[in-house]
Amino acid sequence: GGTGFRRGELCALRWNDLDVVNGVLTVARSIAQLDGESWEQDTKTHQHRRIALDPDTVALLTGHRQRYMDLCAGLGFELPADGFM
């Protein structure tokens, strides 16, 4: 069951992976780590997956992003569209 997300895939999610209009999250990359070094890479299966999100989850993520944007603005910079979730 579940979405089948791997930990590295969750860590690699970026805001531009979220389509709030259609309620879809695209999983396209993963974060790998070894000996204290980390890097972005393709997913383990080398496939991009699209996960349908319910309206409550989209609202939760949208609210989280707005709080993050407000915090960034208060610190004098803008949240990049491809910033990590």
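Along the sequence, the protein chain runs α-β-β-β-β-β-α. That comes to two helices and five strands, where helices (H or I, at least four residues) and strands (E, at least two) are DSSP runs numbered from the N terminus. The model is predicted: local features need pLDDT of at least 70, side-chain atom pairs count only at pLDDT 80 or more, and totals for chains, interfaces and linings use all residues. Residues are numbered from 1 along each chain as its sequence is written, and side-chain values use heavy atoms, with hydrogens and water left out.

**Overall dimensions and confidence**

- The C-alpha atoms of the protein chain fill a box of roughly 35 × 35 × 15 Å, taken along the principal axes.
- Of the 85 residues in the protein chain, 29% are buried. Buried means under 20% relative accessible area, exposed means over 50%, and partly exposed lies in between (1.4 Å probe, protein chains only).
- Mean pLDDT for the protein chain is 88, and 92% of the residues score at least 70. pLDDT is the predictor's confidence in each residue, from 0 to 100.
- Among the elements of the chain, strand 1 has the highest mean pLDDT (96), and strand 4 (residues 37-41) has the lowest (82).
- Where pLDDT is low, the predicted coordinates should not be read in detail.

- Three strands form an open sheet in the order 1-2-5, with antiparallel pairing. Two strands pair if DSSP finds at least two bridges between them.
- Strand 1 (18-19) and strand 5 (49-52) stand at the edges. Each has a single partner strand, so one side of each is left without a neighbour in the sheet.
- Strand 1 and strand 2 (residues 24-27) run antiparallel and are joined by two bridges. Aspartate 19 has valine 24 of strand 2 as its bridge partner.
- Strand 2 and strand 5 also run antiparallel, joined by four bridges. Here valine 27 stands opposite arginine 49 of strand 5.
- Side chains alternate along strand 5.

- The structure holds three salt bridges. A salt bridge is a side-chain nitrogen of Lys or Arg within 4 Å of a carboxyl oxygen of Asp or Glu.
- Side chains of opposite charge can pair when their charged atoms come close.
- Arginine 6 forms a salt bridge with glutamate 9, and the closest N and O atoms are 3.8 Å apart.
- Arginine 6 counts as partly exposed because its relative accessibility is 35%. Glutamate 9 is buried, with a relative accessible area of 1%.
- Glutamate 9 also forms a salt bridge with arginine 49, with the closest N and O atoms 2.9 Å apart. This pair links distant parts of the chain: glutamate 9 is in helix 1 (residues 7-12) and arginine 49 in strand 5, 40 residues apart.
- Arginine 49 counts as buried, at 19% relative accessibility.

**Salt bridges: Asp17 and Arg29**

- Aspartate 17 forms a salt bridge with arginine 29, the closest N and O atoms being 2.8 Å apart.
- Aspartate 17 lies in the loop between helix 1 and strand 1, and arginine 29 in the loop between strand 2 and strand 3, so the pair ties together parts that are 12 residues apart in sequence.
- Both aspartate 17 and arginine 29 are buried.
- Shared partners join the salt bridges of Arg6, Glu9 and Arg49 into one network.

- The side chain of arginine 29 reaches the backbone oxygen of alanine 12 at 3.3 Å.
- The side chains of arginine 29 and aspartate 17 make a polar contact (2.8 Å). A polar contact is a pair of N or O atoms within 3.5 Å; within protein, one must be able to donate a hydrogen and the other to accept it, and residues adjacent in sequence count only if both atoms are side-chain atoms.
- The C-alpha atoms of arginine 29 and leucine 10 are separated by 9.0 Å, though the residues are 19 apart along the chain.

**Nonpolar surface patch**

- Tyr68, Leu71, Leu75 and Phe77 form a nonpolar patch on the surface, with about 420 Å² of accessible area together.
- Patches are made of residues with over 30% relative accessible area and no salt bridge; like charges are joined within 9 Å, nonpolar side chains (Val, Leu, Ile, Met, Phe, Trp, Tyr) within 5 Å.
- Accessible areas come from the Shrake-Rupley method with a 1.4 Å probe, and for residues only the protein chains shown count as cover.
- Phenylalanine 77 lies in the segment after helix 2 (55-74). Phenylalanine 77 counts as partly exposed, at 46% relative accessibility.
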